[in-house]
Amino acid sequence: MKKHYVVLFLCMAPLFWAGNYVFGEYVVHETTPLTMTFIRWSIALVILIPLAQWIEKPKWSAVLKEWKFLMLMAGLGIIGYNFLLYEALRWTSPVNASLVNSISPVLIALLSALLMRERLTRQTVLGLLISFSGVLLVLSKGSLFQLITIQFNIGDLIMLSAVLLWSLYSILGRVKAGIPPIASLTVSAAIGLILITPAVVYIGLPETLSTQGKLGLLYMGLFPSVGAFVFWNISLRHTNASGVGIYLYLIPVFTAIISLILGETITWVQIAGGILVFIGVYLNTKVQRRIKLA
């Protein structure tokens, strides 16, 4: 795959996930995190099955033979991360949740070095630090002292658990490179739905949802679930996990852009932080140019 396509995919995934934060904040007040996860992936599965067949034409029997590995991926990325993210928003503020989530690229890079023996170059580390500084600048609104005064609660700890699961998902996504990425996601989503169906039947689906809630669930089922995961999984096959992780810093930047479109104001601090994020991504992209892309 050509390098510029990989970079494009790595930018599109955070864009779609940023929308998940925006709409997730609305929907979480109308239904449970588990129900949100169930409805989201039920919508996604309707799209993923024909999409995988059309694009990849996989041998489903061969994919299903990896059901144990795909069950692990479902537990980490399909159920675990999403459920914990929505649950965290019940207990903590979006600012705190975003702050905890912003450490995921660093955690991915460190875990990749420990578990996958990937080498961390000085330029990659520099890019990570610059981008992380940009995120901190945005979250603190230009006053780093504000970060010190934030009171962490159970929601922040839940979000930290979500970030750990996502980091492991991103790293393990490169282990079974022989499985077509969309087919892998499709089977993982199906396994995830099977696992949580008994709990959802016990809880019950929401009787009524607002128009905003319905649109939010539809968005989460199409863009963060299908578009973002497909782009992310394909990218994992063509670069190293530590290099991919830095693109997660684009999530708060895209969140700010979406907020601007929805009528909220954007400050100079957010603009400056966004510039730092893009500088870090640019430095990482220069490193990726020296990595052979299949």
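Where is the place of Thr 186? In this predicted model, where local features need pLDDT of at least 70, side-chain atom pairs count only at pLDDT 80 or more and totals for chains, interfaces and linings use all residues, Thr 186 sits in helix α10 (residues 181–203). Residues are numbered from 1 along each chain as its sequence is written, and side-chain values use heavy atoms, with hydrogens and water left out.

Of its 294 residues, 52% are buried, where buried means under 20% relative accessible area, exposed means over 50%, and partly exposed covers what is in between (1.4 Å probe, protein chains only). The chain exposes about 13900 Å², with carbon and sulfur atoms supplying 70% of that; the areas come from the Shrake-Rupley method with a 1.4 Å probe, and for residues only the protein chains shown count as cover.

Back to Thr 186: its relative accessibility is 4%, so it counts as buried. Setting aside neighbours within four places in sequence, Thr 186 is in contact with Leu 45, Leu 48, Ile 49, Ala 52 and Trp 60. Leu 48 also touches Trp 41, Ile 182, Leu 185, Ala 189, Val 226 and Val 230, again not counting residues up to four places away.

Helix α2 (residues 33–55) has a kink of about 30° centred on Leu 45, the bend being the angle between axes fitted to the seven residues ending there and the seven starting there. What about its length? The 23 residues of α2 should span 33 Å at 1.5 Å a residue, and the end C-alpha atoms are 31 Å apart, which agrees; the expected span is 1.5 Å times one less than the number of residues. After α2 comes Lys 57, with a positive phi near 45°, in a residue other than glycine. Lys 57 is in the loop between α2 and α3 (60–64), and it counts as exposed because its relative accessibility is 57%.

The largest nonpolar core has 75 residues, and those touching the most other members are Trp 17, Trp 41, Leu 48, Met 159, Trp 166, Leu 185 and Phe 229. Such a core is a set of buried Ala, Val, Leu, Ile, Met, Phe, Trp, Tyr and Cys residues joined through side-chain atoms within 4.5 Å. Helix α4 (residues 67–91) supplies its largest share, 13 residues.

Then there are the aromatics, with eight pairs in the structure. Rings of Phe, Tyr and Trp (its six-membered ring) pair if their centres lie within 6.5 Å; planes under 30 degrees apart count as stacked, over 60 as edge-to-face and the rest as tilted. Phe 9 and Phe 231 are stacked, at 4.6 Å centre to centre and 10° between the planes. Phe 9 lies in helix α1 (residues 3–27) and Phe 231 in helix α11 (residues 211–236), so this pair ties together parts 222 residues apart in sequence. Phe 16 and Phe 231 have ring centres 6.2 Å apart and planes at 20°, so they are stacked too. Both Phe 9, at 16% relative accessible area, and Phe 16, at 13%, are buried. One aromatic cluster takes in Phe 9, Phe 16, Phe 23, Tyr 219, Phe 223 and Phe 231.

Terms used. Helices (H or I, at least four residues) and strands (E, at least two) are DSSP runs, numbered from the N terminus. Contact means heavy atoms within 4.5 Å.
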